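Subject: Structure for your attention

Dear colleague,

Please find below the structure that I am handing over to you.

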Amino acid sequence: MTRIVVFGAGGRAGRAVTAEALRRGFGVTAVVRDPLRHAALGERAEVRLVRGDITDAASVAGTARGAVAAVHAVSPMTETEAATAGFTRLDPAFFARTADALCEGLAAAGVDRLLTLGLFALLRTADGGYVRDRADLFPPAYLPFARAHQAGLDRFAERGGHTPDWVQFVPPAHLDPEAPARGTYRVGPAARAPEDPAGRLAYADLALALLDEVERPAYHRQAVAVTG
Ligand SMILES: NC(=O)c1ccc[n+]([C@@H]2O[C@H](COP(=O)([O-])OP(=O)(O)OC[C@H]3O[C@@H](n4cnc5c(N)ncnc54)[C@H](OP(=O)(O)O)[C@@H]3O)[C@@H](O)[C@H]2O)c1
């Protein structure tokens, strides 16, 4: 059975990707920090539910072995934590450290394809600026999170060829966990938001985009915008 490994499989994007992968007949290694908290994920025989830490290269290597592709669906904090506590506890290097651990761990495991998720704040607006610099589109209080995400994306470029074949999918402002899949999405260059960056996308449709990319790789070593 062809297998993918999903880091953050218990989160919103991770659950949607896992469900779509199972629907298509993949096996999934579902990496979570605490398997007891995500026991339901392991009920399907095709799911290998394992404990892991995406910031640790040895853990990445041990959990990714045997997969054809890895999906990074990890966030260092939930929206509720961000809304209540702000970003005082956010490690600004979280996504950069994660990029390093993934690159080293996946190389050790022999996995050469990586799909990551970005933040809409990193998209460009039509006038050439960044969404993150537009207070009407992105709350300035969330800038530490945008910088941390940007540092993660930059790290892939800084590592030159010492990365797996990666692609980052950047969603629009509203990724909706409740919305049913429409069964469609569009992908375009992240350097220019293809449409309103404040648009909506169901997590289920984001998962379609990611699994289509696993099955038919079209983008390499770049960030792309995915919209509804
Ligand atoms: N509009 C946008 O641009 C937008 C909107 C939403 C999300 N995003 C991005 O999409 C990605 C996924 O977001 P999401 O909404 O799915 O997040 P989420 O629902 O908060 O889930 C994040 C998951 O990350 C896991 N995690 C945290 N630290 C970890 C570690 N060290 N090792 C392994 N797993 C760890 C958590 O695991 P536990 O279950 O163990 O706590 C959690 O399940 C993030 O990069 C986020 O910034 C972008």
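Predicted model: local features only at pLDDT ≥ 70, side-chain atom pairs only at ≥ 80, totals over all residues.

Residues are numbered from 1 along each chain as its sequence is written, and side-chain values use heavy atoms, with hydrogens and water left out.

The chain as a whole

The chain contains 6 helices and 10 strands, taken as DSSP runs numbered from the N terminus (helices are H or I with at least four residues, strands are E with at least two). Its radius of gyration, taken over C-alpha atoms, is 16 Å, close to the 17 Å from the globule rule (2.2 Å times the number of residues to the power 0.38) for 228 residues, so the chain is as compact as a globular protein of that length. Along its principal axes, the C-alpha trace spans about 45 × 35 × 35 Å. Of the 228 residues, 52% are buried, meaning under 20% relative accessible area (1.4 Å probe, protein chains only); exposed means over 50%, and partly exposed lies in between. Among contacts (heavy atoms within 4.5 Å) with a separation of 6 or more, 72% join residues 24 or more positions apart.

The ligand

The ligand is surrounded by 25 residues, each with a heavy atom within 4 Å of it. The closest are Arg33, His38, Phe120, Pro172 and Tyr203. By class, this shell holds 14 nonpolar, 7 polar and 4 charged residues (Ala, Val, Leu, Ile, Met, Phe, Trp, Tyr, Cys and Pro count as nonpolar, Asp, Glu, Lys and Arg as charged, and the others, Gly among them, as polar). Helices α1 (12-23) and α5 (143-158) each supply at least two of the shell residues.

Oxygen atoms of the ligand lie 2.8 Å from a backbone N or O atom of alanine 13, 3.0 Å from a polar side-chain atom of arginine 37 and 2.8 Å from a polar backbone atom of phenylalanine 120. The protein covers 92% of the 920 Å² of accessible area that the ligand has on its own (Shrake-Rupley method, 1.4 Å probe).

A surface residue

Threonine 80 sits in helix α3 (residues 79-85) and counts as exposed because its relative accessibility is 57%. Threonine 80 and aspartate 100 are 20 residues apart in sequence and 27 Å apart in space, C-alpha to C-alpha.

Yours sincerely

Methods:
Polar contact = N/O pair within 3.5 Å; in protein donor to acceptor, adjacent residues only side chain to side chain.
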